[in-house]
Amino acid sequence: MQDENIFKISEMADTEIKDVPTLNILLCYLLYKINRPVETEHLYDITVGEGLVNFFYYQDSIDYLIKNELIKIETDENNTEFFVLLAKGIACAQNLKKYAPKAYRDKLVLMALRYFTKIKSEKDIIIKYVPLDRGCYIHIRCPDIKNDLMDLKLFAPDIRQAKLIGDRILLNPAGFYGKIIELALSNEETKYDLSDN
């Protein structure tokens with residue numbers, strides 16, 4: 001119940017953060033709550049890509065946080081860049097969070113959690129949309145190390161409905177796969193009454 005209330009309050013927060021000092025606190029807070037390095041591209045998608053922050057405010061905030069050693073950028077062996085929260089950033093998140101409205105903090109964390117869930121889901125299942133003359137196929141694959149666990153096509157009357165189905169599958173790919181297997185294993189031949197009654 002409390003999570004529902006947090007979600008409703010966070011949804012009511014203004015759609016765009018237009019204050020760089022508040023954004024500085026929010027970005028530190030998010031990295032603190034996530035508690036791991038976050039790819040630079042992912043942080044951009046969570047904030048700017050979702051319409052929560054204007055690109056220019058975001059860039060000003062990132063520049064400030066790096067310059068003042070609240071965060072730093074590290075690169076892994078694949079040349080992927082990550083934001084890492086430093087000691088001053090942790091102190092900012094812990095001590096200054098009250099200066100950023102709770103609705104904004106909650107909204108940003110919820111957006112990040114949804115984003116990371118979606119990324120994980122997209123690794124578990126691959127969905128492609130194949131347009132037809134009339135309608136669209138939803139091509140669903142569950143890849144495994146050597147072979148696909150599932151390769152399935154569903155028909156939808158149009159691309160909008162196909163994407164709606166695809167989005168619903170991505171909410172819980174493991175659950176979708178499990179229900180398909182359960183249905184296949186519990187499926188039985190229809191029994192007919194052959195008596196002369």
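The conversation below turns to the aromatic rings, then to a helix, and then to the strands.

Tutor: Please keep in mind that this is a predicted model.
Student: OK, how many aromatic pairs does the structure hold?
Tutor: There are five aromatic pairs in the structure. In one of them, the ring centres of Y44 and F55 are 6.3 Å apart and the planes stand at 70°, so this pair is edge-to-face.
Student: Which parts does that pair tie together?
Tutor: Y44 belongs to helix α3, residues 40-49, while F55 belongs to helix α4, residues 55-67, so the pair ties together parts that lie 11 residues apart in sequence.
Student: And how exposed are Y44 and F55?
Tutor: Y44 is partly exposed, with a relative accessible area of 30%, and F55 is also partly exposed, with a value of 37%. As for another pair, Y115 and F116 are edge-to-face too, with 5.8 Å from centre to centre and 75° between the planes.
Student: Are Y115 and F116 buried or exposed?
Tutor: Both Y115 and F116 are buried.
Student: Which residues do ring pairs link into a cluster?
Tutor: The cluster consists of Y44, F55, F56 and Y58, which are linked by ring pairs.
Student: What sits over the ring of F116?
Tutor: That is the charged end of R36, which is 4.5 Å from the centre of the F116 ring. There is also R105, which lies over the face of Y29 at 5.5 Å from the ring centre.
Student: Switching to α4, what span should its 13 residues have?
Tutor: At 1.5 Å a residue, they should span 18 Å, and the C-alpha atoms at the ends of α4 are 18 Å apart, which agrees.
Student: Which residues in α4 are buried?
Tutor: Y58, S61, I62 and L65 are buried in α4. These residues cover an arc of only 100° around the axis, which puts them on the same side of α4. On the other side of the helix, F56 and K67 are exposed.
Student: What covers the buried residues of α4?
Tutor: The cover includes α2, residues 20-34, together with α3, β2 and β3.
Student: What do β2 and β3 form, and which residue in the turn has a positive phi?
Tutor: The two strands form a hairpin with five residues between them, and in the turn N79 has a positive phi of about 65°.
Student: Where does β1 come in?
Tutor: Strand β1, residues 38-39, pairs with β3 in the antiparallel sense over two bridges, and here E39 has F82 as its bridge partner in β3.
Student: How many of the five residues of β3 are buried?
Tutor: Four of the five are buried, so β3 is largely enclosed by the rest of the structure.

Technical notes. Residues numbered from 1 in each chain as written. Predicted model: local features only at pLDDT ≥ 70, side-chain atom pairs only at ≥ 80, totals over all residues. Heavy atoms only, no water. Phe/Tyr/Trp six-rings, centres within 6.5 Å; stacked < 30°, edge-to-face > 60°. Buried < 20%, exposed > 50% of the residue type's maximum accessible area, 1.4 Å probe, protein only. Lys NZ or Arg CZ within 6 Å of the ring centre and 35° of its normal. Pairing = 2+ DSSP bridges. Expected span 1.5 Å × (residues − 1). Arc of directions from axis to C-beta. Contact = heavy atoms within 4.5 Å.
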